[in-house]
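Please look at the sequence and the structure shown here before reading on. The report that follows begins with single residues and then widens to the whole protein.

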Amino acid sequence: ERKMILLAKVQDEAGHGLYLYAAAETLGITRDDMTEQLLSGRMKYSSIFNYPTLTWADMGAVGWLVDGAAIMNQVPLQRTSYGPYSRAMIRICKEESFHQRQGYDIMMKMAQGSEAQKRMAQDALNRFWYPSLMMFGPSDAESVHSAQSMAWKIKMNTNDELRQKFVDQTVPQAEFLGLTVPDENLKWNEERGHYDFSQPDWDEFFNVLKGNGPCNAERLSARQKAWDDGQWVRDGLLAHARKKAASKVA
């Protein structure tokens with residue numbers, strides 16, 4: 001049952017990619033152009049996809065933390081000034097909320113299971129905590145595009161605002177699970193009304209973006225193989241389209 005739910009999530013995520021490709025196409029770039037840029041390494045994609053998932057608990061951590069960070073980023077984007085992106089976000093956020101609940105449910109079952117399962121859940125949290133914090137982008141002081149995006153109302157919140165909100169929301173959830181956030185500096189700041197926490201390793205973040213992460217080469221190799229293996233499908237569809245167009249002319 002849990003694997004069937006996970007497959008439904010994978011199907012949702014494929015749909016999200018299609019929504020966003022369609023939104024990007026309204027800017028005048030073709031999907032083939034975007035695919036070529038991705039496969040050649042010229043297009044950046046979320047750093048989180050370059051970290052490995054090693055155990056079933058990782059499926060829980062990805063749903064809880066990674067999809068949770070995605071929701072934190074995406075909910076404000078439902079009000080972004082760019083219409084095609086805004087409309088795509090409305091449906092994406094509804095589905096991502098399901099993904100996060102599914103991930104948290106996995107973590108809860110692991111945390112309440114055997115000692116080995118609880119250790120597995122803690123290990124997944126340890127490995128995905130900082131990569132999840134990186135998903136909000138570099139600090140506001142280091143972000144190249146944040147100020148312009150805020151001015152144009154493409155973004156509604158800064159990277160640091162969203163990261164703080166994510167930490168404030170997620171730490172109590174970890175405590176409820178009986179798990180420990182891997183940050184010795186994490187503590188509640190009564191004066192600020194927020195948690196103080198350690199920043200991610202930004203050198204690691206930028207290194208991953210440059211293509212030097214744990215799984216960059218593996219991920220792009222898989223995308224290239226999928227593109228090559230699907231050539232016959234694209235050829236068949238194009239041939240059918242040409243045949244159909246010719247029959248209409250005749």
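## A walk through the predicted model

P131 has its place in helix α5 (residues 115-134), where helices (H or I, at least four residues) and strands (E, at least two) are DSSP runs, numbered from the N terminus. This is a predicted model, in which local features need pLDDT of at least 70 and side-chain atom pairs count only at pLDDT 80 or more, while totals for chains, interfaces and linings use all residues. Residues are numbered from 1 along each chain as its sequence is written, and side-chain values use heavy atoms, with hydrogens and water left out.

**Three buried residues**

P131 counts as buried because its relative accessibility is 4%; buried means under 20% relative accessible area, exposed over 50%, and partly exposed in between (1.4 Å probe, protein chains only). When residues up to four places away in sequence are not counted, P131 touches I48 and Y51, and contact here means heavy atoms within 4.5 Å. Between the C-alpha atoms of P131 and K210, which are 79 residues apart along the chain, the separation is 15 Å.

V66 lies in helix α3 (residues 56-74), and K9 lies in helix α1 (residues 2-25). With residues up to four places away in sequence again set aside, V66 touches I48, A61, F128, S132 and M135, and the C-alpha atoms of V66 and H99, 33 residues apart along the chain, are separated by 9.7 Å.

What is K9 in contact with, leaving aside its neighbours within four places in sequence? The residues are V62, G63, D67, H99 and Q102. The side chains of K9 and D67 are also joined by a polar contact of 2.8 Å, a term that stands for a pair of N or O atoms within 3.5 Å, where, within protein, one must be able to donate a hydrogen and the other to accept it, and residues adjacent in sequence count only if both atoms are side-chain atoms.

| Residue | Relative accessible area | Class |
|---|---|---|
| P131 | 4% | buried |
| K9 | 7% | buried |
| V66 | 8% | buried |

Helix α4 (residues 83-111) packs with helix α7 (residues 159-177) at an angle of about 30°, and their axes are 10 Å apart; axes are lines fitted to C-alpha atoms, for helices over the stretch in contact, and angles run from 0 to 180 degrees between N-to-C directions. On the α4 side, Q100, Y104, M107, M108 and A111 take part, and they meet Q169, Q173, F176 and L177 in α7.

**Domains and the whole protein**

The protein is divided into domain 1 (1-200) and domain 2 (214-249), with bounds that come from an automatic or database domain assignment. Taken over C-alpha atoms, the centres of domain 1 and domain 2 are 29 Å apart. Nine residues of domain 1 are in contact with eight residues of domain 2, and the area buried between domain 1 and domain 2 is about 820 Å², of which carbon and sulfur atoms give 65%. In domain 1, L39, Y45 and N50 lose the most area to domain 2, together 54% of what that side buries. Buried area is the accessible area (1.4 Å probe) that two parts lose on being put together, summed over both.

Overall, the secondary structure of the protein comes to ten helices and two strands, and buried residues make up 39% of its 250 residues. The C-alpha atoms fill a box of roughly 75 × 45 × 35 Å, taken along the principal axes.
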